[in-house]
Amino acid sequence: MRLEKCWFCSSTIYPGHGIQFVRNDAKIFRFCRSKCHKNFKMKRNPRKVKWTKAYRRLHGKDMTQDSTFEFERKRNRPQRYDRINTEKVLQAIPKISKVKATREKDHITKRLSVGRVNRRTEDRRELEQSISLVKAPSVLKEDATLTLPKQKVTVSYAQTENTPMEE
Amino acid sequence: MVQFNFKGITVVPSGKEMVDIILSRTQRQTPTVVHKGYAINRLRQFYMRKVRFTQQNFHEKLSAIVDEFPRLEGIHPFYSDLLHVLYNKDHYKLALGQVNTARNLISKVAKDYVRLLKYGDSLYRCKCLKVAALGRMCTVIKRIGPSLAYLEQVRQHMARLPSIDPNMRTILICGYPNVGKSSFMNKITRADVDVQPYAFTTKSLFVGHTDYNYLRYQVIDTPGILDRPFEDRNIIEMCSITALAHLRSAVLFFLDISGSCGYTVAQQAALFHSIKSLFLNKPLMIVCNKIDLQQLNALSEDDKRLVDEMKAEALKTLPIGGDPNAEQQVLVTMSTLTDEGVINVRNTACERILDQRVEIKMKSKKINDCLNRFHVAMPKPRDGKERPVCIPQQVSEQRAKDREVEKEKEKRKLEKDLENENGGAGVYSASLKKHYLLANDEWKEDIIPEIIDGHNVADFMDPDILERLEELEREEGFRLAGEEGDDFEIDGDNMTPEEREALNEIRKRKKALIQEHRIKKSTAESRPIVPRKFDKDRQFTTERMGRQLSGLGLDPSKAIERVRSRSVSRGRKRERSVAADGAGDDGMEIDNDGKGSNKRLRLRSVSRSRSRSRAPVEEVIPGEGFKDKEQKVKAIKLGKKSVKKRNKDARKGEADRVILNMMPKHLFSGKRGIGKTSRR
């Protein structure tokens with residue numbers, strides 16, 4: 001029993017899911033669901049389809065090179081069963097996955113932090129440029145703080161007839 | 001070379017069949033469509049092709065027949081004689097000759113008609129010629145119909161002839177009918193020849209094979225021969241005579257000494273003497289059959305004498321300088337019923353054949369070539385010492401061990417036995433892990449996990465995984481520690497809540513502007529584009545300006561005053577006096593929207609226009625000319641519709657055809673994004 005990776009989106013294919021396609025040159029393509037299968041039949045390149053892992057890796061959205069990837073490697077030689085080793089491996093796997101997950105998260109955070117900084121500078125700039133929409137420059141000169149002026153509402157008492165009041 | 005196998009001859013079709021086959025083939029495999037409008041050459045070609053095609057096919061088929069049937073001169077004389085006996089040489093040759101002539105005739109016909117077709121001048125004429133040609137060819141075939149039928153029969157019979165190799169070691173069995181030839185044949189070979197009490201059960205030659213001393217011998221069973229003059233013999237007897245005459249074989253002359261075949265020994269002896277000419281140069285054996293009924297020594301004197309005579313003849317065929325027991329080799333007794341002496345007869349016959357063949361080979365010239373290559377060396381014993389077989393001790397020990405192991409194997413318990421003990425195939429499932437070779441035998445029955453958390457366990461297997469994991473965790477620790485420092489830097493530059501509020505306000509304003517503009521844009525089609533100074537909706541009021549300015553933090557009073565003073569000077573004289581009283585003091589202003597001031601104007605003005613007492617627009621006034629209210633409403637609508645368009649174009653009326661801008665720049669300059677600019 002082996003969990004395979006979908007050829008298109010690189011997600012794991014659990015037993016009982018998906019389709020395997022064997023081409024005439026004996027290359028096997030496994031798909032996790034019909035979405036990937038149909039995309040493949042349309043001859044779409046996964047490196048150009050935004051939501052696939054291949055795209056994300058290629059465009060640096062996800063972590064590409066890391067030592068945690070070395071732990072999980074397909075070995076083609078069958079190994080003799082060894083209880084001690086197997087126990088060690090079973091203990092180690094969750095720890096490795098945890099490390100890998102934190103690293104991936106950090107990679108993404110680092111990538112997005114640039115945007116945060118940019119947004120901050122942009123906000124500041126917008127504030128400086130468009131402050132005149134809420135506070136007149138002359139008023140700003142007198143009073144440098146950013147307290148916004150209140151809108152004054154004038155009420156008229158001269159008429160007997162009731163005129164609707166507006167704010 | 002079809003030496004002795006005539007099974008490969010193709011089937012000879014009957015005359016009608018042949019005609020059918022070839023005509024239909026012509027129809028299928030040559031083009032069929034032709035019109036009289038084609039060029040004459042094309043028409044001629046078309047029909048010539050058909051004629052030639054038919055001729056070729058006939059030629060092919062007839063040639064096949066002529067070639068495949070064996071020519072009687074070209075095969076072994078035994079077979080040619082046999083064929084003559086069976087089918088009459090002359091008739092056979094004639095039939096084949098007829099086929100040959102037919103072939104030539106057809107070729108001639110075709111040639112003639114092709115020549116005629118070259119001069120055919122219309123479709124119809126060409127067609128007639130072709131029909132005539134094919135017709136004649138088919139008549140030729142029809143005429144040889146009987147020959148074809150005869151040849152087919154011959155072929156069928158020939159295919160069933162026994163395949164006798166004339167050059168192989170052969171034993172021929174002959175004698176009167178019912179003497180026991182076929183039973184003997186059945187005994188020594190696997191041939192299953194009919195054995196029946198009536199004479200001429202065997203009607204043709206039968207072949208069987210027997211082995212002796214690792215050599216294969218042909219045994220030929222013949223139909224019984226009667227003692228008759230040569231000319232009176234029937235076909236069946238002729239078969240055996242032919243075999244006797246042509247095959248170089250050992251002859252076993254069967255003698256029924258009991259007389260139960262229906263013929264006396266004397267008759268059989270007479271037959272023997274009449275055909276003894278055929279036994280020249282062949283090892284001859286007299287076989288006395290049915291001795292269970294009558295013993296040889298119990299024969300009568302006359303019979304014994306006759307038998308001795310035959311024996312004498314047979315002795316002549318022995319090689320000179322033969323064995324002491326020559327008698328045994330020539331006269332043998334047996335009984336097929338009791339199997340007494342049958343094998344002996346066969347062995348003797350085989351020996352005799354071998355001897356003869358070896359002798360002939362020795363006499364021939366060829367043997368001298370190889371004789372000097374043979375040398376059988378017989379080592380002479382050096383001394384009288386006995387030297388028995390020597391088996392080294394190890395070998396004998398090993399052999400003993402092997403024998404023991406084999407015995408053990410027989411005693412060892414098989415998996416199958418285990419299965420049967422524990423309930424059979426469906427109940428017991430063998431433990432496949434029993435024979436695993438592991439470092440520790442306790443682990444044999446372990447359930448090995450293959451998948452954990454979406455990973456394959458096998459992919460992680462590594463003897464030093466724990467060390468590597470430790471390294472990894474150390475690295476991770478360092479990395480996390482380093483990253484803590486970075487985080488703080490980024491968080492430094494945050495906005496204060498005031499700034500945030502201000503930014504939000506800015507964004508709100510911007511959004512409101514955009515929304516307004518969008519509304520304006522979407523209603524632009526039905527709204528007249530009126531310049532701001534007319535201000536139909538009366539939204540550009542001083543109040544509004546005041547509000548907006550005060551929103552920005554400026555004091556709007558001065559600006560409002562300024563505006564009001566300017567507007568009052570135009571036409572609102574009465575207002576000014578009222579406004580002047582209360583304007584500068586308390587800063588409170590008359591706050592009305594546009595509609596309200598209009599109303600006041602109306603109230604204050606003395607002259608009241610007629611519009612005050614106007615009737616509602618839809619009401620039908622008799623003089624106007626409308627039928628009813630709906631019509632009037634519709635008419636008003638129509639009127640307004642056209643006015644709307646003109647208003648949008650800012651035209652005063654129908655007659656207003658002013659073009660403000662005779663040459664708008666966008667129409668008279670610039671390159672087009674796509675298309676030609678040859679007209680402006």
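**Exercise 1. Identify the salt bridge of B:Arg387 and state the N to O distance.**

Solution. The criterion is a side-chain nitrogen of Lys or Arg within 4 Å of a carboxyl oxygen of Asp or Glu. In this predicted model, local features need pLDDT of at least 70 and side-chain atom pairs count only at pLDDT 80 or more, whereas totals for chains, interfaces and linings use all residues; side-chain values use heavy atoms, with hydrogens and water left out. Residues are numbered from 1 along each chain as its sequence is written, with chains lettered from A and ligands numbered from 1 in the order in which they are written. The partner of B:Arg387 is B:Asp383, at 3.4 Å from N to O. B:Asp383 has a relative accessible area of 37% and is therefore partly exposed, given that buried means under 20%, exposed over 50% and partly exposed in between (1.4 Å probe, protein chains only).

**Exercise 2. Describe the salt bridge between B:Lys363 and B:Glu359 and explain their separation along the helix.**

Solution. First, the closest N and O atoms of this pair are 3.2 Å apart. Second, both residues belong to helix 12 (residues 342–363) of chain B, and because they are 4 residues apart, about one helical turn separates them. Helices here are DSSP runs (H or I, at least four residues) and strands are runs of E (at least two), numbered from the N terminus. Third, B:Lys363 is exposed at 66% relative accessibility, while B:Glu359 is partly exposed at 31%.

**Exercise 3. Determine which chains the salt bridge of A:Arg2 and B:Asp459 links.**

Solution. The closest N and O atoms of A:Arg2 and B:Asp459 lie 3.0 Å apart. The pair crosses between chains: A:Arg2 sits in the segment before strand 1 (4–5) of chain A, and B:Asp459 in helix 16 (residues 457–460) of chain B. A:Arg2 is partly exposed at 30% relative accessibility, whereas B:Asp459, at 5%, is buried. Over all chains, the count of salt bridges is 39.

**Exercise 4. Summarise the secondary structure and burial of chain B.**

Solution. Chain B contains 24 helices and 8 strands. Of its 680 residues, 32% count as buried.
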